[in-house]
Amino acid sequence: TTSSTTTAAAAAATSTTPSSPRDAPVLVFYTIAILSKIPSKFLLENYAKRGYMDKESYKDKRGVTPRKKRFFICRDHFLFYYKKSGDTTPAGVVPLDYYSIKKVKGDGGVDFLALTRTFKGFHTKRAPTYFLYPDTADIKSWFDTLKTRCENVSDRVFGVQLKVLCYFTATSLPDIPFFLEECIEYLKQHLDLEGIFRISASSSQVAEYIDKFDSAADVDVAECKEPHIIANIVKQFFRELPEPIIPFSFYAAAVKIGEGGVGSGCTIDDDALLQMLSQLPRENFNVLRYLLEYLTLVAEHSSNNKMSVENLARVWATNLMRAKEENALTAAKDIPAVMSVCQRIIQIHTKLHHHEVTADAADGDGDADAWRSSGTTDINNLIRIRRQTVAQWNGGASAGAARVASPTFAEDYVVKDFNERRTDTVVDKAAAAFTAASAIASSSGDGGGGGG
């Protein structure tokens, strides 16, 4: 679109009535089909980056395509690719602001970039996922260029609602933010670290890492020499969630259950606790379970790290749950019960695998979690499929043979019903808008019609 959007906003702000339809602000739209006809030579002015990369793609049940070398040009928010430099017609165009990007450590040390279509707004089965292989020396430059144009670049990590974060950042595990998986996997290599989560780290270094995560910088957690920094970052991530991992609406029930375990000889009602946890929103449930699995590993090394289940509960209790309207007196009174619940959750976390989250589990504010019907962007699920495909090729199938499909992928990746409903809705609204616009154009007396 042209910059007339700004003009329209300015005109609305002045509250003036145009003297005729011709004086009103106008929005001009260009069909994306035009982009698919642009010769590469016309893009070589003001481009952000260009060069050859190997490309694979995944589109629905057609599977992963064999790797091919293509000439890429990044300009504005589009990534054009051609069979070779100088071609007159692109082989494809990627609208980057509808895609999320992730740098992946591939097999054999060969890193690559994964570009996947997000579900914000609408979804189309025609939008493939791309796996791009720049030269090793050039991968950081390509990643830095593309990430500033992709949809997920503006999404912060800290202080963001969990469901929003899970919506845009995908991992090899369901609903686990990529940043969190990286940090936890790093910390698993330091299970014997004494005082993990209890000992503070340099506040300036912690803040530096958080700034990098929040600005979508290319952070290699494995390069961190001080594990306490990453441990503090993980704890701060949970502390800064706008709503705790055990939401506000669950706090009173959790405290009541925890009170049963306060005092010598008292025990918590495990059935009641598991039933409460089974009502958590799906992403809260999965992230909590992932964290608990790791904390259990930490507790198993308590003879070295001095972090028993009891000590972990002291550190983590108030980071996992808190009252919505908290005061010092109430918080002090509830602490024993909150710690009791936290300790018991760690101890019985393996039973969480046997409790399915209810389909209509509510968010912390009580509203139904209807947004889930849009599905999630699971890049690593695609990466696993890609690896399976390559393994089949290496096992004897020719790279030029028919593409290998994943029969279960459509079920895992998106909700079919959503595709059908959302596509119909978009088409219906588009048709209605086109009809209305045509009627307005006809009534204005402007007969200068343009093609689609």
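This note comments on one strand and its partners, and then on the nonpolar cores.

1. The model is predicted, so that local features need pLDDT of at least 70 and side-chain atom pairs count only at pLDDT 80 or more, while totals for chains, interfaces and linings use all residues. Residues are numbered from 1 along each chain as its sequence is written, and side-chain values use heavy atoms, with hydrogens and water left out.

2. Strand β6 covers residues 112-117; helices (H or I, at least four residues) and strands (E, at least two) are DSSP runs numbered from the N terminus. Six of its six residues are buried, so β6 is largely enclosed by the rest of the structure. Buried means under 20% relative accessible area, exposed over 50%, and partly exposed in between (1.4 Å probe, protein chains only). On one side lie Phe112, Ala114 and Thr116, and on the other Leu113, Leu115 and Arg117.

3. Two strands pair if DSSP finds at least two bridges between them. β6 pairs in the antiparallel sense with β5 (residues 99-104) over six bridges, and Lys102 stands opposite Ala114. β6 also pairs in the antiparallel sense with β7 (residues 129-133), over three bridges; here Leu115 stands opposite Tyr130.

4. A nonpolar core is a set of buried Ala, Val, Leu, Ile, Met, Phe, Trp, Tyr and Cys residues joined through side-chain atoms within 4.5 Å. The largest has 73 residues, and Phe238 and Trp316 are among those that touch the most other members. Helix α9 (residues 282-300) gives the largest share of this core, 10 residues. A second, separate core of 19 residues includes Val94, Ala127, Tyr130 and Trp142.
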